[in-house]
Amino acid sequence: MATERAGGELMEVGFIGLGIMGSPMARNLVRAGFSVTVWNRSPAASAELEAAGARVAASVTDVYADNRVVVLMLRDEAAVDVVLRRRTLEFAGLVRDRITVQMGTFTPAFSKALADDVTAAGGAYVEAPVSGSRGPATDATLVAMLAGPDEALAEIAPVIDAMCAQRFVCGEIPAALGMKLAVNTFLITMVTGLAETFHFARATGADWEVLRQVLDAGPMASTVSRGKAAKLLDGDLSAQAAIADVLKNAALVENAAIAAGIPHPLIAVSRQLYAEAAADHADEDMIAVIEAIAARRL
């Protein structure tokens, strides 16, 4: 069923950034009946979305000109600044009278400063980082963490609901990104621990298949543990969440912990392991951190 505004017209949304997560998220907006305009720095992903029913814009300017709500799912802070032409005279013209929905995972300080700039230019800014990887992005079962003005949150709710199974309002900006970094702390240390568990089992002669069954039957089982264990047993290291991206997120968490003046022992060890894994496995799934564990010597 088409997603409509009051009056019957299709609700329009722009989407910038069609990577591992962005492409399936934009596709779900198309499937939900939105009129979707996409732009990506590399054209191949845009062509795939065009085939799915999206309109491909010639530029970022066109995306903002044609859509009140624009979603950003970009790799890093530098990409956001470049795409939005931040700190140039063009920036205000892009974001004025628009709602910019920033769904990437960056530092809270960056998001707060960007929110201030967008607001000063006459636009609205919403933080909307998500918990989940490529699978949940494809299935529209991501979990969104939101922060921003109440009016903007209400307006973009249908957009978020087309991509996510649940959404949680976390407070004022940058509370949503603080929440995302907390969630990532659990995810990263959990998967690192799972990798060490399977490495320990291999080294001590425990059968991996039986280990998987035991873990699946117990109270620690989760969608993540089941999925990552299956990847190890199947020898499938194709990325749901790539080592390089997890390393970036681990560094974000560690830096935020340092800024807060709090200890961060588990994330520090995990970040180092992902840095070692990135040398040869950067584009593989995060469970490939097992290779860095295996390469360590006493």
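Helix α2 is followed by G53, whose phi is positive, near 120 degrees. Helices here are DSSP runs of H or I with at least four residues, strands are runs of E with at least two, and both are numbered from the N terminus. The model is a predicted one, in which local features need pLDDT of at least 70 and side-chain atom pairs count only at pLDDT 80 or more, while totals for chains, interfaces and linings use all residues. Residues are numbered from 1 along each chain as its sequence is written, and side-chain values use heavy atoms, with hydrogens and water left out.

Within α2 (residues 43–52), A45, S46 and L49 are buried, where buried means under 20% relative accessible area, exposed over 50% and partly exposed in between (1.4 Å probe, protein chains only). Seen down the axis of α2, these buried residues fall within an arc of 100 degrees, so they line one face of the helix; the arc is that of the directions from the helix axis to the C-beta atoms. P43, A44 and A51 are exposed on the other side of α2. The buried residues of α2 pack against α1 (22–31), β2 (35–39) and β3 (55–56), with contact taken as heavy atoms within 4.5 Å.

Strand β3 contains V56, which is partly exposed at a relative accessible area of 29%. Leaving aside neighbours within four places in sequence, V56 is in contact with V38, S46 and E50. M190 is 134 residues from V56 along the chain, and their C-alpha atoms are separated by 39 Å.

## Nonpolar cores

The largest nonpolar core has 37 residues, of which F15, V101, M103 and I160 touch the most other members. Helix α8 (residues 150–163) provides the largest share of this core, seven residues. Apart from this core lies another, of 30 residues, among them L181, A201, V253 and Y274. A nonpolar core is a set of buried Ala, Val, Leu, Ile, Met, Phe, Trp, Tyr and Cys residues joined through side-chain atoms within 4.5 Å.

Not counting residues up to four places away in sequence, F15 touches G22, M25, A26, L29, V36, T37, V38, W39, V63, V71, M73 and M163.

## Second largest pocket

The second largest pocket has a volume of about 390 Å³. Of the 15 residues that line this pocket, E196, V269, L273, I293 and R296 are the closest to its centre. On a 1 Å grid over the protein atoms alone, a pocket is an open set of points where a 1.4 Å probe fits, with protein on both sides within 12 Å along at least five of seven lines, and lining residues have an atom within 4 Å of a point. Grid points are joined across faces, edges and corners, and the volume is the space filled by probe spheres set on the points.

Helices α9 (175–204), α13 (265–281) and α14 (289–295) each supply at least two residues of the lining of the second largest pocket. The most comes from α9, with six residues. By class, the lining divides into seven nonpolar, five polar and three charged residues; Ala, Val, Leu, Ile, Met, Phe, Trp, Tyr, Cys and Pro count as nonpolar, Asp, Glu, Lys and Arg as charged, and the others, Gly among them, as polar.

## Helix α10

In helix α10 (residues 208–217), W208, L211 and L215 are buried. Their directions, seen down the axis of α10, fall within an arc of 55 degrees, so the buried residues line one face of the helix. V214 and A217, on the other side of α10, are exposed. The packing partners of the buried residues of α10 are α9, α11 (223–234) and α14.

## Loops and backbone geometry

S238 is found in the loop between α11 and α12 (243–260) and is partly exposed, with a relative accessible area of 35%. Leaving aside neighbours within four places in sequence, S238 is in contact with R134, K231 and D285. S238 and G261 are 23 residues apart in sequence and 36 Å apart in space, C-alpha to C-alpha.

Most residues other than glycine have a negative phi, and most peptide bonds are trans. R87, which is not a glycine, has a positive phi of about 65 degrees; R87 lies in the loop between α4 (77–83) and α5 (90–95) and counts as exposed at 64% relative accessibility. A140 also has a positive phi, near 60 degrees, and lies in the loop between α7 (134–139) and β8 (142–147). A cis peptide bond, with omega about 15 degrees, joins I173 and P174. P174 lies in the loop between β9 (164–171) and α9.
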